Amino acid sequence: MENKGNTLVNDCNFMGIKPIMMDLPYPPIQVRGKNLSYANLLSLDYCGAVSEMSAITQYINNENRLSCEKCPVAKTLLGIAMAEMMHLQKLGELIVLLGGNINFVAKYRNGGAKMWTPEYLQIPENLKNMLLADIESEKAAIAQYEAHIKMIKDDCVNAVLARIIRDEEYHIMLLRTMLQTM
């Protein structure tokens with residue numbers, strides 16, 4: 001952060017930041033057929049408590065809070081958030097192909113539904129706890145994707161979920177590295 005007279009300026013430059021993800025292609029976004037049950041499962045990954053929407057918001061919040069003081073960490077978190085945005089987009093396409101709706105409402109197997117809320121977020125006050133919370137969120141996402149892969153009998157959908165898991169594992173590795181170099 002730079003002080004120019006009476007004006008504070010964030011001099012962390014985010015130009016050129018790209019999504020941080022595995023250098024592997026994604027499978028085609030396709031499904032074997034419409035299946036509202038599968039679409040509802042993916043709605044949890046899209047906008048449930050453990051979801052891409054929650055991950056994006058948590059990473060952007062942390063990035064904003066760190067950008068003035070810890071620019072390199074903020075840049076990494078922004079790159080991870082961008083990868084999570086790509087996951088959200090791919091899940092949205094799958095949900096629509098499966099016959100579901102994109103409306104930020106997670107649909108549960110018991111018939112319940114809940115709109116996404118920032119109450120799902122963890123907002124620690126210091127960098128170490130931010131990184132630890134992000135690691136735990138990534139682990140929870142992987143566990144949820146793995147559970148959904150077991151429940152979904154559509155190889156096309158499961159291929160996309162498996163590819164997303166690869167990015168989430170990569171994010172954990174990056175976050176752990178940042179934590180160790182603090």
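A charge is taken to sit over a ring if NZ of Lys or CZ of Arg is within 6 Å of the ring centre and within 35 degrees of the ring normal. In this predicted model, local features need pLDDT of at least 70 and side-chain atom pairs count only at pLDDT 80 or more, whereas totals for chains, interfaces and linings use all residues. Residues are numbered from 1 along each chain as its sequence is written, and side-chain values use heavy atoms, with hydrogens and water left out.

The ring of Tyr-26 meets the charge criterion with two residues. The charged end of Arg-163 lies over this ring, 4.1 Å from its centre. The charged end of Lys-90 also sits over the ring of Tyr-26, at 4.6 Å from the centre.

Lys-90 takes part in the packing of helix α3 against helix α5 as well. Helices (H or I, at least four residues) and strands (E, at least two) are DSSP runs, numbered from the N terminus. The axes of α3 and α5 come within 11 Å and cross at roughly 170°; axes are lines fitted to C-alpha atoms, for helices over the stretch in contact, and angles run from 0 to 180 degrees between N-to-C directions. The two helices are therefore roughly antiparallel (angles over 145 degrees; under 35 counts as roughly parallel, 65 to 115 as roughly perpendicular and the rest as oblique). Contact means heavy atoms within 4.5 Å. Residues of α3 that make the contact include Leu-77, His-87 and Leu-91, and those of α5 include Val-157, Leu-161, His-171 and Leu-175.

A nonpolar core is a set of buried Ala, Val, Leu, Ile, Met, Phe, Trp, Tyr and Cys residues joined through side-chain atoms within 4.5 Å. Buried means under 20% relative accessible area, exposed over 50% and partly exposed in between (1.4 Å probe, protein chains only). The largest such core has 47 residues, and Leu-42, Leu-77 and Leu-175 have the most contacts inside it. Helices α1, α2 (52-66), α3, α4 (127-151) and α5 (155-180) each supply at least two of its residues, with α3 giving the most, 10 residues. Leaving aside residues up to four places away in sequence, Leu-42 touches Leu-91, Leu-94, Ile-95, Leu-98, Ile-152, Val-157 and Leu-161. In soluble globular proteins, nonpolar side chains tend to be buried together.

The model holds 1 aromatic pair, where rings of Phe, Tyr and Trp (its six-membered ring) pair if their centres lie within 6.5 Å, and planes under 30 degrees apart count as stacked, over 60 as edge-to-face and the rest as tilted. Tyr-46 and Phe-104 form this pair, which is tilted, with 5.6 Å centre to centre and 35° between the planes. Tyr-46 belongs to helix α1 (residues 36-47) and Phe-104 to the loop between α3 (71-97) and β3 (105-107), 58 residues apart. Tyr-46 is buried at 9% relative accessible area, while Phe-104 is partly exposed at 32%. Phe-104 has a positive phi of about 60°, although it is not a glycine.

Phe-104 is also touched by Cys-47, a residue of α1 that is buried at 1% relative accessible area. In helix α4, Gln-144 is buried at 19%. Gln-144 and Leu-44 are 100 residues apart in sequence and 8.9 Å apart in space, C-alpha to C-alpha.
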